[in-house]
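Welcome! Take a moment to look over the sequence and the 3D view below before reading on.

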Amino acid sequence: MSAFGQGEVVLVTGMSGGGKSVVMHALEDAGFFCVDNLPPELLPQFLGLEQQRGGARRVAIAVDVRSEGSLPHLLPQIKQLRADGVGVRSIFLDANTEALVRRFSETRRPHPLRSEPRGAGEADAHRALLDAIALERELLAGLRADSTVIDTSLLRAAQLRAWVRDLVSVRGDSLTLVFESFAFKHGVPSDADFVFDVRVLPNPYYDRELRPLNGRDAPVADYLAAQPEVNLMLGQISGFLRQWLPSFAADQRSYLTVAIGCTGGQHRSVYLVETLARQFASHGHVLKRHRELDAK
């Protein structure tokens with residue numbers, strides 16, 4: 001059964017340029033009935049119609065800042081729908097400002113909140129775009145806090161589609177634990193709930209035979225498993241999570257993202273993510289992501 005099964009809904013929102021069209025296409029391919037840019041005030045009526053027709057369809061609805069005037073009403077509507085037994089799940093697509101500016105420059109599309117006088121110079125246009133992005137972050141801050149966040153800053157479209165398919169493949173009635181490896185040199189994922197820095201551990205990169213491999217390869221795994229510091233770090237991270245997972249589950253969290261970072265995102269962080277995912281497999285709902293490896 002889908003994670004958003006009968007009577008449940010996926011709400012796709014986030015920053016303009018964050019990748020909503022990619023996600024909506026992925027959900028449509030996965031069998032969801034998709035509605036783009038539904039005015040928030042029509043959400044209860046639309047879901048009411050779905051219930052009248054049996055409520056069996058998996059529904060994905062995209063809502064963004066184009067409905068600026070209605071956004072203040074969206075969170076109260078979501079909470080009321082949940083109180084009424086409708087399982088509304090929200091995915092928020094975020095990206096850093098540099099990535100958003102680059103995407104708008106590449107596509108030459110105007111930002112929906114951008115306002116600048118005719119004939120403005122390049123510097124004025126750039127400032128207007130930055131102001132629009134900052135305003136959008138402010139308007140969507142409450143919705144972001146209530147959502148499962150995906151940082152798309154460094155993701156290719158294929159990666160984003162795969163990550164969304166993973167999200168909708170797990171049940172939504174309990175906490176899903178997400179382990180993600182990354183490279184500090186490319187920035188910390190903004191969707192992480194916890195970040196662990198493993199750059200202090202022995203680095204297989206400095207072994208010529210291990211350098212071209214990654215943390216999923218047996219020689220690298222064997223090398224790291226033999227290091228006392230690695231096992232100490234694994235034990236401490238595992239112990240911390242086992243101590244606090246029940247509290248996060250009791251707080252009705254849907255997802256908890258644990259990001260493990262090293263210098264290049266190839267060896268140490270990948271190995272720790274793979275190992276922790278195996279250790280927590282009995283938790284029930286565990287996802288793995290390798291931001292740098294998956295981008296290849």
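What follows is a short tour of the helices, strands, cores and rings in this model.

## About the model

This is a predicted model, in which local features need pLDDT of at least 70 and side-chain atom pairs count only at pLDDT 80 or more, while totals for chains, interfaces and linings use all residues. Residues are numbered from 1 along each chain as its sequence is written, and side-chain values use heavy atoms, with hydrogens and water left out.

Helices (H or I, at least four residues) and strands (E, at least two) are DSSP runs, numbered from the N terminus. Buried means under 20% relative accessible area, exposed means over 50%, and partly exposed is in between (1.4 Å probe, protein chains only).

## A covered strand

Let us begin with strand β4, residues 87–94, where eight of the eight residues are buried. Gly-87, Arg-89, Ile-91 and Leu-93 point one way from β4, and Val-88, Ser-90, Phe-92 and Asp-94 point the other way.

Strands count as paired if DSSP finds at least two bridges between them. β4 pairs with strand β5 (residues 148–151) in the parallel sense, over four bridges. Asp-94 has Asp-151 of β5 as its bridge partner.

## Helix α2 and its two sides

Which residues of helix α2 are buried? In this helix, residues 43–52, they are Leu-43, Phe-46, Leu-47 and Glu-50. They lie on the same side of α2, because they cover an arc of only 95° around the axis; the arc is that of the directions from the helix axis to the C-beta atoms.

The face turned away from the buried side of α2 carries the exposed residues Leu-49, Gln-51 and Gln-52. Just after α2 comes Gly-54, with a positive phi of about 110°.

Val-35 is in strand β2, residues 33–36, and counts as buried at 15% relative accessibility. Contact means heavy atoms within 4.5 Å. Not counting residues up to four places away in sequence, Val-35 touches Met-24, Phe-46, Ala-60, Ile-61 and Ala-62. Val-35 and Val-59 are 24 residues apart along the chain, with 7.9 Å between their C-alpha atoms.

The loop between β2 and α2 holds Asn-37 and Glu-41. Asn-37 is partly exposed at 26% relative accessibility and has a positive phi of about 55° although it is not a glycine. As background, most residues other than glycine have a negative phi. Glu-41 is partly exposed too, at 38%. Leaving aside neighbours within four places in sequence, Glu-41 is in contact with Ser-70 and Gln-77; its C-alpha atom is 6.5 Å from that of Ser-70, which is 29 residues away in sequence.

## Two nonpolar cores

A nonpolar core is a set of buried Ala, Val, Leu, Ile, Met, Phe, Trp, Tyr and Cys residues joined through side-chain atoms within 4.5 Å. The largest one has 31 residues, of which Leu-11, Leu-43, Phe-46, Leu-47, Ile-61 and Leu-74 touch the most other members. At least two residues of this core come from each of β1 (8–14), α2, β3 (59–62), α3 (74–83), β4, α4 (97–107) and α5 (122–145). The largest share, five residues, comes from α5. Apart from this core lies another, of 27 residues, among them Leu-177, Phe-196, Val-258 and Leu-272.

## Rings and charges

Rings of Phe, Tyr and Trp (its six-membered ring) pair if their centres lie within 6.5 Å; planes under 30 degrees apart count as stacked, over 60 as edge-to-face and the rest as tilted. By this rule there are seven aromatic pairs. Phe-179 and Phe-280 form a tilted pair, because their ring centres are 5.8 Å apart and their planes are at 50°. Phe-179 lies in strand β6 (residues 176–183) and Phe-280 in the loop between α9 (268–279) and β9 (286–290), so the pair ties together parts that are 101 residues apart in sequence. Phe-179 is buried at 0% relative accessible area, and Phe-280 is buried at 2%. Phe-194, Phe-196, Phe-240 and Phe-248 form one aromatic cluster.

A charge sits over a ring if NZ of Lys or CZ of Arg is within 6 Å of the ring centre and within 35 degrees of the ring normal. Arg-58 lies over the face of Phe-32, at 4.6 Å from the ring centre, and Arg-199 lies over that of Phe-184, at 3.8 Å.
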